[in-house]
Amino acid sequence: MQPRDDSRGKQMHPDDNGAVSRVLFAPLLICAALLLLSPAAAFSQAKNTCIACHSQLDDPLHVNPDEYAAGIHAQKGITCVSCHGGDPTADDMDKAMSKAAGFKGKPERKAIPAFCAKCHADSAYMRGFDPSLRTDQLAQYLTSVHGKMLAKGDDKVAVCVDCHGVHDIMPPNDPRAHVYPTNVATTCSRCHADAAYMKPYKIPTDQFALYNSSVHHAALIDRGDLSAPTCTTCHGSHGAAPPGVKSVVNVCSTCHVFQAQLFDSSPHKEAFDSLGFPGCITCHSNHGIQHPTDAMIGTGDGAVCLKCHSAGDPGFEAAGAMHDQLVNLDSTIARSDAILNRAELYGMEVAQPKLQLADARDDLMKARVAIHSVQTAQVDVDVQASMKVAQQTYQAGLAALAERSYRRKGLFVSLGISLLVLIGIAFLIRKLETPSHE
Amino acid sequence: MGTASNLRNWLDERFGWDQIVTFVRHKTVPQHRFSYFYFLGGMTLFLFGIQVVTGILLLLYYRPSPDGAFESVQYIMTQVRFGWLIRSIHAWGANVMILTAIAHMFSVFFLKSYRKPRELTWLSGMILLFLVLGFGFSGYLLPWNTLSVSATKVGTDITGQVPLMGHWLLIFLRGGEDVTGATLTRFFGIHVAILPGLATMLIGLHLWLVQRFGMSVPPKIDAEWTANPAKVHEVRFFPNFFLRELMAWYVALAILGTLAAFKPWELGAKADLFASAPAGIRPEWYFMFMFQTLKLLPSKFLAIPGDVLGILAFGLAAAVWTLLPFFDQGKQGRGSRWVAGAGVFALMYVVGMTVYAYLAK
Amino acid sequence: MQKSNSNDPSKPERRGFLETFLGISVVASLISFLYPVLRYVIPPKQAELGSDLVLAGHVGDLKPNTGKIFPFGSRPALLILTSDGNYHALSAVCTHLGCTVQYRSDLREVWCACHNGTYDVDGRNISGPPPRPLESFGVMLKGDEIYVQRQRNA
């Protein structure tokens, strides 16, 4: 695919006689070949005085030539002139950046979305590069908070280059991209964590810090689990906006299906809707989501139920009951774990019961999910299943300890008999070797 | 008494029973301040017998393939009645036997029992010691856990460093370039057939030679006895010495049983051929002194890799040690003291390096 | 040979006692050694099949387009009977965070309740967080017994 800015190639005079055409044929062929090959060599072999100068200049005019060359646009043959115009072959600065050469300069921030969309919203054009690329980014952007405020004249909001970069744009699935999942939060935080910058907007600026303390951050960054959510997963990327109060559950349910279903069929749904509370984040918070603990449910310290429920109401009772169910089960499992560890320390083989205990833990996890129904009966289903396994493994632990006892008893019996034998032999030796009275 | 003497006649007509009984009756064992060392040989033989019995019992359940080895050992440890006992005695017994074999070797060395005419006894004994170490090395792989495979990898890697033959030896031992199921099959065959066959023959030779020449008396004691014949003291092998030896065997069995009951041999985790080696792998204690030496050697010395130098040095030392009787012809004096000195150095080196290896973890 | 009787009349009783005592204790010790050996050689009731071959169930346990969890070695595995009459056996340990997956008859797919991951009946991870396919096992029928076997690796 040829770049739109190519302007090389010889012109053949149409009125020449055959002799001229014969002489010029071979060179013409060579030039044609060069023409066809030029896109591939466009950025590496073609003269580019833009880069030659701007790589030497300081900020804000500096362009890093390696980043530029590695970027997706340069890789596809879209160079400085595609966006900025001008003449990349001219050594003279004024000639290179002259209006005559089509130099457009740095686009205005307000104009950037439309500017990028000139290519990126043209599906016929983008199809030539990658047919699966979306071309609705501008349409989405116009629905976003950023887009709406830009339309009202605020150019402090994010435009394409703030997230994607300017001269170092990489495809989103390239780990070097500013919008690669592990980099997204940092990119958003450049504005959203800057209290001074965000002052006029009167929204919090602690989201980045909160997110960094969250389980989702730990999954994404520490464990490298790319399925874990980052800012754009819940807020959208081009159409970025906070999900509405009613939509929060939908957003979380894209991964946390069971919890969402249980919540939707629980009394909480109606209650939250009528109170205008969002689901999920009322108890779990939105950005700084921590790993839930059994202390979160119930009526004790740190219980989220206390935000609404107080002593006497049925919800308070249910909360307390569910808390007890979970804590009870947890301690039963811990008891089994302890006895199995003790047996293992004694050298008994308890690998199988230990793995069975993992099933009990699985059911405990299911019970912890079941509390979203806020029905003790539902929680009980998983609790009972888990208790059964926990008790089985406890029995296995007891059996292992009993076996150890048996082994020791057996050993002592055998040692006792051996001792008798030794005593017998010792006496026999003494008898054989003591000189008898003659 | 009629049936007993009829039985004796029957045995004598076919096996020369009376001759055997007479020989045993007349066999004596010298009694002196070093006599306790005489127990070590018999102890090693007894422990070998224990290994054979427990080994055969393990063979009833063990499966020598990568899919079955670990699971069958797990089955023995958890499902088979007293499987834990048989397996733990076999594993502990191996270590105790290697210890007594080495102690037996050093005691024979220091008591100078290898001298003429007992050179072949020493030679067969040294070969037996190498076979015993081979038993230990091959047996260690059979449970097919992560330690086994790592230790085998390291051990065969070192074998591969031997000049000229090294790579061929490595392929021969591993059954290929890497440690795989083929190695397991091969080590199993070596452990239950080849080594037992060789060991049986050599033990037979070794024991026959010991009977032929009788127990050796250390030169110092011999000198004392020559000077003062009244001091000569011999006890009858049967029943006196044998009863004492029997006591020692009961004690040994009691120790093995206690070890098995209080510290059953662990199962470990099933070997994963594709996982990288766990940190801090090391061979069993009886190879540690060599392992530690190789770790301390420089990577290159005069263009020769340090490992190769180490292997050659140990090979040379082993060869000299094995051919010891031909160096020490039995003359008292400086030559003899040199040999004793070299022995003390060797013992201290082995013990010191082993201790160092464990401390320097 | 026995020593000749001494003049001490008490000696014969002591001699007899020592030998008897020793004899009994030696026999007792031999019994204490042989008892474990004899118990050992008697095979346990549960014969070992090996970790890579497990009886998962019987024909008729599953209706078409359903699945069930069964223990395979120490981890759960999933046996599925699809509506075309084929059995599929997969590891039931989700490759995302280790939850136990299940067969969804409505979706005709394997689903993980923890974070909404899905796999097809051959174990390939189709959507959601799972980064890798589920390990697939071989299924063999012997009469009406369904055996599941770990596939051979090098």
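In which order do the six strands of the open sheet in chain C stand, and is their pairing parallel or antiparallel? The order is β1-β10-β9-β4-β3-β2 in chain C, and the pairing is antiparallel, where two strands count as paired if DSSP finds at least two bridges between them. The model is a predicted one, in which local features need pLDDT of at least 70 and side-chain atom pairs count only at pLDDT 80 or more, while totals for chains, interfaces and linings use all residues. Residues are numbered from 1 along each chain as its sequence is written, and chains are lettered from A and ligands numbered from 1 in the order in which they are written.

**The sheet of chain C**

- At the edges of the sheet stand β1 (53-58) and β2 (66-72) of chain C, each with a single partner strand, so one side of each has no neighbour in the sheet.
- Neighbouring strands of this sheet are turned by 30° against each other on average, with direction ignored; the axes behind this angle are lines fitted to C-alpha atoms, and angles between N-to-C directions run from 0 to 180 degrees.
- Strand β4 (residues 87-91) of chain C runs antiparallel to strand β9 (residues 136-142) of chain C and is joined to it by two bridges, and Leu90(C) has Ser136(C) in β9(C) as its bridge partner.

**Chain C as a whole**

- Chain C holds one helix and 10 strands, where helices (H or I, at least four residues) and strands (E, at least two) are DSSP runs numbered from the N terminus.
- Buried residues, meaning those with 20 or more other C-beta atoms within 10 Å of their own, make up 29% of the 154 residues in chain C.
- Chain C is divided into domain 1 (11-42) and domain 2 (53-149), with bounds that come from an automatic or database domain assignment, and the C-alpha centres of these two domains of chain C lie 58 Å apart.

**Contact between chains A and B**

- The contact takes 17 residues from chain B and 15 residues from chain A, two residues being in contact if their C-beta atoms, placed from the backbone, lie within 7 Å.
- On the side of chain B that touches chain A, the elements giving two or more residues are α4 (69-78) and α11 (237-262) of chain B, and the largest share, 12 residues, comes from α11(B).
- By class, that side of chain B has 11 nonpolar, four polar and two charged residues, with Ala, Val, Leu, Ile, Met, Phe, Trp, Tyr, Cys and Pro counted as nonpolar, Asp, Glu, Lys and Arg as charged, and the others, Gly among them, as polar.

**Nonpolar cores**

- A nonpolar core is a set of buried Ala, Val, Leu, Ile, Met, Phe, Trp, Tyr and Cys residues joined through C-beta atoms within 7 Å, and in the largest one, of 60 residues, Ile76(B), Ile86(B), Ile89(B), Met97(B) and Trp144(B) touch the most other members.
- The largest share of this core, 13 residues, comes from α5(B).
- Ile89(B) touches Ile50(B), Thr54(B), Leu256(B) and Ala260(B), leaving aside residues up to four places away in sequence.

**Chain A**

- Chain A has 23 helices and zero strands, and buried residues make up 27% of its 438 residues.
- Arg430(A) has its place in helix α23 (residues 376-433) of chain A and is exposed (12 or fewer such C-beta atoms), because 10 other C-beta atoms lie within 10 Å.
- Arg430(A) and Thr299(A) are 131 residues apart in sequence and, C-alpha to C-alpha, 79 Å apart in space.
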